[in-house]
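Please keep the sequence and the 3D view side by side while reading.

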Amino acid sequence: MTFAVLGLMLMGFNRTRIADWPLSDLAFLVAFAFMLADVLGGREAQLAPKRARRTSPGGLVGILLLLTAGALSALQSWDPGRSLAVTLRFAWIFLGMFWVIRALARDRDSLARLLTGWRICIVFNALVAISGQLGLTSFSVENSENRQTAFFEQPNELAGLLVVGLPLFLLGVPRRREYRTDGRELMSRAVPIGLVFYAIATTGSMSGLLGGLAGVVAMLIAGGWRHVRRPGRAWTSPLLPMLVAFGVVAGLFALFTSDLPVVERFDRFTSGDQYVQGSVDSREARNEEVIQRFDESLVLGQGFGSFDPNDPGAADAAAAHNMFFRFIFQAGLPGLVGVLMIIGFALQQCIRLLRNTRHSSLHATAVALTAALVTANTFAMFQPTEYQRYYWMSVAMIGALWSLRREEMRVLWEQRQAEVAEIARLPARG
């Protein structure tokens, strides 16, 4: 558990690698090794039950389809070795990292510890971005617009990390303590929410804001408004919700009247600035390049991380700013179908969890992870994120919550069956 939480906390250190492995992956590999040793030695008390560690059948079919498509596409790629290596990395994410998270989420407290590690990662990177914007630190990669990147190569990558985890803060997930008043509860959320929003603004990512907006809408539709206040409590006065609304409006006003990179880029885009407009138009051109080559990717793609430099337009297609188009180009149509199956079954689990946990303390977690999944995939439509661990984290956590809740319901059903059997054995009255 310690190494898994450490791995979650280190997801933001994307530029620091050992033998081309991110620090986050190395921490998860250590956790995987310890857990595998426990399983082989029969010491499974600290892990979820064996049946709860299994990947859902639908998701497993999607994973196998994606990996098969990636391996076959690598055989005809410009750099087969690199393409196969990337395919193996995907196999590690789906079959290794996902398994670690599911196996460690044996109860609600364990799941809360994993979610806390994710939150720490986001807050830390937000603080790094803010300190860079204020000129206190200089970890970011230099760029002409002073957009913050923290420990990533691109500012949009940092924005993705921040915005995908934003629903956790909006709903106060995980709930680690109970506050005596609604005011203290909301204040405990307001501080990290403000930090994350400010940090997103420092990245200048318009895609990040669009993804965050989609996540907020999904959160409200899924019932997140019920968790703005403490569970089981009603508003005793209209003053507090009015203060919350005022705080949101004041914060948005302060944001849009500031000179932060995201505001500046929106202003330049609406005024027809050639640089920002060119950045937006280039994305459309790259996506169009993939569409024009669609007939070449019906069965096999060009391989992950590889393209023929002698092929005009291949570099543009490989750099498409839409994750799903990139999967078509790299792994062909079967690869895209595999990805859509993974996401689709995760969404199906979210919908069923929202219904099943409606009267449970897990409902806020289900809503937050549903919103995170929507945010991640909205963001992925404007920014390639398939190689980023934070994109897959929402799918991994949904799988862990699904396994945990299913095991809880199974245990409850077995207890009830035992009670019925006990009653049946009672002597009948004469």
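This is a predicted model: local features need pLDDT of at least 70, side-chain atom pairs count only at pLDDT 80 or more; totals for chains, interfaces and linings use all residues.

**Overall make-up**

The protein chain is built with 16 helices and two strands. Of its 430 residues, 49% are buried. When contacts between residues at least 6 apart in sequence are considered, 78% of them join residues at least 24 apart.

**Backbone details in the loops**

D20 sits in the loop between β1 (17–18) and β2 (21–22), and its phi is near 70 degrees, a positive value in a residue other than glycine. A150, in the loop between α5 (108–133) and α6 (155–164), also has a positive phi, near 55 degrees, and is likewise a residue other than glycine. A150 has a relative accessible area of 0% and is therefore buried.

In the loop between α7 (166–170) and α8 (182–203) lies P174, which is joined to V173 by a cis peptide bond with an omega of about -5 degrees.

A further loop residue is L260, placed between α10 (239–256) and α11 (261–270). L260 is 58 residues from T202 in sequence, yet the two lie 5.8 Å apart in space, C-alpha to C-alpha. At a relative accessible area of 5%, L260 counts as buried, since the cut-off is under 20%.

| Residue | Relative accessible area | Class |
|---|---|---|
| A150 | 0% | buried |
| L260 | 5% | buried |
| C121 | 0% | buried |
| C350 | 2% | buried |

**Nonpolar cores**

The largest nonpolar core has 96 residues, and those with the most contacts inside it are F94, W118, W392 and M397. Apart from this core lies another, of five residues, among them V290, A317, A318 and F329.

Which residues does W118 touch, if its neighbours within four places in sequence are left aside? W118 is in contact with L8 and M11, with V164, G165 and L168, and also with L369, A372, M393, S394 and M397.

**The cavity**

Rolling a probe the size of a water molecule over the atoms shows where empty space is left. In this structure there is one cavity of 30 Å³ or more, and the volume of the largest cavity is about 200 Å³. Its lining consists of 17 residues, of which T55, S56, Q349, V395 and G399 are the closest to the centre.

Which helix gives the most to this lining? The answer is α16, with six residues. At least two lining residues each come from α3 (57–74), α4 (80–104), α14 (323–356) and α16 (389–424).

**Cysteines**

A disulfide is a covalent bond between the sulfur atoms of two cysteines. Taking sulfur atoms within 2.5 Å as the cut-off, the count of disulfides in this model comes to zero. Both C121, at 0% relative accessibility, and C350, at 2%, count as buried, because each value falls under the 20% cut-off.

Terms used. Residues are numbered from 1 along each chain as its sequence is written. Side-chain values use heavy atoms; hydrogens and water are left out. Helices (H or I, at least four residues) and strands (E, at least two) are DSSP runs, numbered from the N terminus. Buried means under 20% relative accessible area, exposed over 50%, partly exposed in between (1.4 Å probe, protein chains only). A nonpolar core is a set of buried Ala, Val, Leu, Ile, Met, Phe, Trp, Tyr and Cys residues joined through side-chain atoms within 4.5 Å. Contact means heavy atoms within 4.5 Å. On a 1 Å grid over the protein atoms alone, a cavity is a set of points where a 1.4 Å probe fits but cannot get out, and a pocket is an open set with protein on both sides within 12 Å along at least five of seven lines; lining residues have an atom within 4 Å of a point. Grid points are joined across faces, edges and corners, and a volume is the space filled by probe spheres set on the points.
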